[in-house]
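Open your viewer and load the model. Keep the selection tool at hand, and follow the stops in order.

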Amino acid sequence: MPHLSKKKLSRSLESSAESRFFRLIVEESAKNRSVILKNLITPTEKQMILKRLSLIVLVSKGHSLYRIMKLTGMSPSTIERYKLLISQGKFKETVAWVKKTHFESKLLRNLLKLMVIPFEARRQSLHRALTDQ
C-alpha cells in the first residue's frame, strides 16, 4: 500500500483541490484529461483504481468469489467486504454506470486478463492470456 502522509490538508485547500479535480473530470477534453491524470496518478494509484473498478464490475456482474480472486489477485475478505458494501448501496452510482456502459466488452475482458498476468505465476504467454476464453 502506498505511503500516505498523516498530515491532512486544511478544509479549504481540500475543498479547492477537490473542486479542481472534478472540473478536470467534467470540463477538460478527453485528451487533456488523459495527459493530466497520467501526470497526477502514480502507477500504484492507477493499479489500485483499476482493481477497485474491476472488483465492482465483477461483483455487479455476479462473478464468483473464486473467479474474482483469480482475476484480480484480491483477498477473499476484500472481495466479501465490497460485496457487502455493494449490497448496502455504497457504490450505487458506480454500479449503475458500470451497467450503463456495458462493461462486458472485449476491451474490458482483455484489461481484466492483463491485470491477472502478474498473479498467474507466468504460466502462459500474453497472447494465450488474451485469446483463451
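**Stop 1: the whole chain**

Remember as you look that this is a predicted model. Show the cartoon view. How many helices and strands are there in the protein? There are eight helices and zero strands. Read from the N terminus, the elements go α-α-α-α-α-α-α-α. Now colour by burial. Of the 133 residues, 22% count as buried. Next, think about contacts along the chain. Take the contacts with a separation of 6 or more: 48% of them join residues 24 or more positions apart.

**Stop 2: helix 3 and helix 4**

Select residues 43–60, which are helix 3, and residues 65–72, which are helix 4. Their axes come within 11 Å and cross at roughly 155°. An angle over 145° counts as roughly antiparallel, so helix 3 and helix 4 are roughly antiparallel to each other. Their crossing is right-handed.

Now show side chains. On helix 3, pick K51, S54, L55, L58 and V59. On helix 4, pick I68, L71 and T72. These residues make the contact. Colour them by class: the contact of helix 3 with helix 4 has five nonpolar, two polar and one charged residues.

**Stop 3: helix 3 and helix 5**

Which residues meet here? From helix 3, select R52, L55, I56 and V59. From helix 5, select T78, I79, Y82, K83 and I86. By class, the contact of helix 3 with helix 5 has six nonpolar, one polar and two charged residues.

**Stop 4: V59**

Zoom in on V59, in helix 3. Is V59 buried or exposed? Its relative accessibility is 13%. The cut-off for buried is under 20%, so V59 counts as buried.

Select what V59 touches, leaving out residues up to four places away in sequence: I68, K83 and I86. I68 is in the helix 4 part of the contact with helix 3. K83 and I86 are on the helix 5 side of the contact with helix 3. Now take a distance in the viewer. The C-alpha atoms of V59 and K83 are separated by 6.4 Å, though the two are 24 residues apart along the chain.

**Stop 5: L85**

Move to L85, in helix 5. At 24% relative accessibility, L85 counts as partly exposed. Set aside its neighbours within four places in sequence, and L85 is in contact with K90 and F91.

**Stop 6: the ring pairs**

Show the aromatic rings. The structure holds two aromatic pairs. Begin with F21 and F22, which pair edge-to-face. Their centres are 5.8 Å apart, with 65° between the planes. F21 is partly exposed at 36% relative accessibility. F22 is partly exposed too, with a relative accessible area of 46%.

Then go to Y82 and F91. Is this pair stacked or edge-to-face? It is stacked: 5.4 Å centre to centre, with 10° between the planes. Y82 is buried, with a relative accessible area of 12%. F91 is buried as well, at 16%.

How values were computed. Residues are numbered from 1 along each chain as its sequence is written. This is a predicted model: local features need pLDDT of at least 70, side-chain atom pairs count only at pLDDT 80 or more; totals for chains, interfaces and linings use all residues. Side-chain values use heavy atoms; hydrogens and water are left out. Rings of Phe, Tyr and Trp (its six-membered ring) pair if their centres lie within 6.5 Å; planes under 30 degrees apart count as stacked, over 60 as edge-to-face and the rest as tilted. Buried means under 20% relative accessible area, exposed over 50%, partly exposed in between (1.4 Å probe, protein chains only). Axes are lines fitted to C-alpha atoms, for helices over the stretch in contact, and angles run from 0 to 180 degrees between N-to-C directions. Helices (H or I, at least four residues) and strands (E, at least two) are DSSP runs, numbered from the N terminus. Angles under 35 degrees count as roughly parallel, over 145 as roughly antiparallel, 65 to 115 as roughly perpendicular and the rest as oblique. A crossing is left-handed if the near helix is turned anticlockwise from the far one by less than a right angle, and right-handed if clockwise. Contact means heavy atoms within 4.5 Å. Ala, Val, Leu, Ile, Met, Phe, Trp, Tyr, Cys and Pro count as nonpolar, Asp, Glu, Lys and Arg as charged, and the others, Gly among them, as polar.
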